[in-house]
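Take a look at the chain below. We will walk through a few places in it, one by one.

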Amino acid sequence: MGKKEDFFAHIEAGYTTKGDYISMGAAMLDGEAITNALVKIPLKTLNRHGLIAGATGTGKTKTLQVLAENLSDKGIPVLLMDLKGDLSGLAQPSPGHPKIDERHEKIGFPFTAKKFPIEILSLSEQEGVKLRATVSEFGPVLLSRILDLSDTQEGIVAVIFKYCDDHKLPLLDLKDFKKVLQYATGEGKKEFEESYGRIATSSTGSILRKVIELEQQGADLFFGEKSFDVNDLTRIDENGRGFISIIRLTDIQDRPKLFSTFMLSLLAEVYATFPEQGDSDRPELILFIDEAHLIFKEASKALLDQIESIVKLIRSKGIGLYFVTQDPTDVPDAVLAQLGLKVQHALRAFTAKDRKAIKLTAENYPISDFYDTKEVLTSLGIGEALISALDEKGRPTPLAATLLRAPMSRMDVLTEKELKEVIDQSRLIPKYNETIDRESAYEILNEKIEKAEAMAKKEEEKVSTRTSSSRSRRSSTRQNPVVKVLTSATFIRGVLGILSKAMK
Ligand SMILES: Nc1ncnc2c1ncn2[C@@H]1O[C@H](COP(=O)(O)OP(=O)(O)OP(=O)(O)O)[C@@H](O)[C@H]1O
Ligand SMILES: [Mg+2]
């Protein structure tokens, strides 16, 4: 047998699947695609997470697009974090190109153009379905992680949540949280002291400063109502295609804290909401995070630990997470170690540091009789990548330099008009986009303080008329409880708080 036949047999055996799969393209030997030596990724192992890496312009985002559209085609919903705004083209079919046909001829199956159902979501004031979560849902542990608080400060946050629980004060937005924090060392000082112990003003001051920092990154837009129900991420359209939800994050690049806050809350919510899957043939939802280094950048150790444990846990719910980034070393080792699919596009060897990174990357791939991995890494063309996946039994598949299929949808972005059409057709926008500011901790405490003050004033008047009196002029607010008791249904502690506690 010649080398080519050997290679064909090696790929065919390594990528055989009994169940359903996605064909990524054809394996290449000595820089040439071997027609029909298809690199197939089983749907069954897609919940084992993955990485798409490679130098700029080598085809990472298109690989993401290819995966997303093929998942949608198989009825699997997808969530994309679009940091550069270059993925909206999924909603329109590819116009095609002779080069694309040529590519597919080499691969071994014909090119088809298709469009996919998309939904645009937003974390900021950009158009799209507004993504929000309440502070209550976020929970004390996660909030402390995001704010990077000390143990003492974290204890205070826990007390604040407990107080709000005990008094049925809904913590909806950061305004509510700040109000209770100030109240704890201000008007409500005595009340807090009696029930929960003394709280130092210096501590609440530091927490407050950190909350303000978070607000400055735009988090006040994220915290509030109406909370996004993650079940809305798993919709299937009338043709049986999974919805591709695209979160436009083009204005978030310089706000890493907001991005990681949001990511973590989303992952925790998804984890808490989705049922255990057991041994399933296909994933429930796949998430892609483009420019993933942004969540890890500036993340504290505590936050990284939290991300790491969520990545580990979420798999059993049938959720796959895919990180897209230039350099695989952007992703922490503990997360990298958990990734089943690796799609490595070309790396460039400009500097000594680059060459070191290439050597390291090559060492992380399975050994192949057919390739010099280091050499392949620098010689891959655009739209080609080294792939290593997991087969249905969870074993690594053979390393395959792959000529990747082209996206079926448009590689370019939507025009303003096309984007408007998508937004106009959205069924989720009417559900989420009205701003609600119902009575919550902020209003309730203000009312309470006002009443207490009015009461104190009355008392004062009484005192001044009774000239002989020597008792304290000010009545404590605790003796005049005017806390509104809301129905318990309006205040349900989010699963997030519970989850974070469980993961501590
Ligand atoms: N699978 C593919 N089929 C056909 N053309 C492709 C494919 N992948 C990439 N290309 C071509 O390469 C170009 C760059 O790809 P892409 O935008 O995915 O790069 P990238 O790695 O995401 O770059 P950056 O790091 O700048 O985001 C595309 O515009 C397209 O013309
Ligand atoms: Mg890109």
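Which are the buried residues of helix 5? This is a predicted model, so read every value as computed. In helix 5, the buried residues are Pro140, Val141, Leu142, Leu143, Ser144, Arg145, Ile146 and Leu147. That is 8 of its 8 residues, and helix 5, spanning residues 140-147, is mostly covered. Now step just past the end of helix 5. There sits aspartate 148, with a positive phi of about 55°.

Next, move along to a pair of helices. Two packed helices are described by the angle between their axes and the distance between the axes. Helix 7 covers residues 174-185, and helix 8 covers residues 189-196. They pack at an angle of about 85°. Their axes are 6 Å apart. Angles of 65 to 115 degrees count as roughly perpendicular, and therefore helix 7 and helix 8 are roughly perpendicular to each other. Helix 7 brings Val180, Tyr183, Ala184 and Thr185 to the contact. Helix 8 brings Lys189, Glu191 and Phe192. Sorted by type, the residues of this contact are 4 nonpolar, 1 polar and 2 charged.

Finally, go back to threonine 17. Find it in the loop between helix 1 (3-14) and strand 1 (21-29). Is threonine 17 buried or exposed? Buried means under 20% relative accessible area. Threonine 17 has 15% relative accessibility, so it counts as buried. A polar atom of its side chain lies 3.2 Å from the backbone oxygen of glycine 19. Leaving aside residues up to four places away in sequence, threonine 17 touches Pro42 and Glu392.

Note on methods
Residues are numbered from 1 along each chain as its sequence is written. Chains are lettered from A and ligands numbered from 1 in the order in which they are written. This is a predicted model: local features need pLDDT of at least 70, side-chain atom pairs count only at pLDDT 80 or more; totals for chains, interfaces and linings use all residues. Side-chain values use heavy atoms; hydrogens and water are left out. Buried means under 20% relative accessible area, exposed over 50%, partly exposed in between (1.4 Å probe, protein chains only). Helices (H or I, at least four residues) and strands (E, at least two) are DSSP runs, numbered from the N terminus. Axes are lines fitted to C-alpha atoms, for helices over the stretch in contact, and angles run from 0 to 180 degrees between N-to-C directions. Angles under 35 degrees count as roughly parallel, over 145 as roughly antiparallel, 65 to 115 as roughly perpendicular and the rest as oblique. Contact means heavy atoms within 4.5 Å. Ala, Val, Leu, Ile, Met, Phe, Trp, Tyr, Cys and Pro count as nonpolar, Asp, Glu, Lys and Arg as charged, and the others, Gly among them, as polar. A polar contact is a pair of N or O atoms within 3.5 Å; within protein, one must be able to donate a hydrogen and the other to accept it, and residues adjacent in sequence count only if both atoms are side-chain atoms.
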